[in-house]
Amino acid sequence: MIDTNLRGVDVSSYQGRIDWSAAYADGIRFAMIKATQGRSLTDANLRNFTDSRFHENVVGASGTGMVCGAYHYLTALNEAEAAEEAAVEV
């Protein structure tokens, strides 16, 4: 039977350093991890960047046996910016 009550988390650099073993022990079985973002909400010069803890979070979560997914945090303000963000290879 499939367990339809899996618990997961959505994380990025804003959560700081995560104790993935403790999260797994608490029943967390998957993590959606921010990979990239279109523009910084605090630094106008920072565009299309990789989250500073992306690699660390993937390694930590997957090391416990959690299933990991990654996402892009879209910050486009118009269609042209959305196309620009979609075209970036990170």
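**Exercise 1. Find which residues Ala 61 contacts, leaving aside neighbours within four places in sequence.**

Solution. Contact means heavy atoms within 4.5 Å. Leaving aside neighbours within four places in sequence, Ala 61 is in contact with Trp 20, Ala 31, Ile 33, Met 66 and Cys 68.

A note on the model: it is predicted, so local features need pLDDT of at least 70 and side-chain atom pairs pLDDT 80 or more, while totals for chains, interfaces and linings use all residues. Residues are numbered from 1 along each chain as its sequence is written, and side-chain values use heavy atoms, with hydrogens and water left out.

**Exercise 2. Name the members of the largest nonpolar core, then find the element that gives the largest share.**

Solution. Start with the term. A nonpolar core is a set of buried Ala, Val, Leu, Ile, Met, Phe, Trp, Tyr and Cys residues joined through side-chain atoms within 4.5 Å. Buried means under 20% relative accessible area, exposed over 50%, and partly exposed in between (1.4 Å probe, protein chains only). The largest core has eight residues: Val 11, Trp 20, Ala 23, Ile 28, Ala 31, Ile 33, Ala 61 and Met 66. Two or more residues come from each of α1 (20-25) and β2. The largest share, three residues, belongs to β2.

**Exercise 3. Find the rings that have Arg 29 and Lys 34 over their faces.**

Solution. A charge sits over a ring if NZ of Lys or CZ of Arg is within 6 Å of the ring centre and within 35 degrees of the ring normal. Arg 29 lies over the face of Tyr 24, at 3.7 Å from the ring centre. Lys 34 lies over the face of Tyr 73, at 5.5 Å from the ring centre.

**Exercise 4. State the order of helices and strands along the chain.**

Solution. Count the elements: three helices and four strands. Along the sequence they follow the pattern β-α-β-β-α-β-α.
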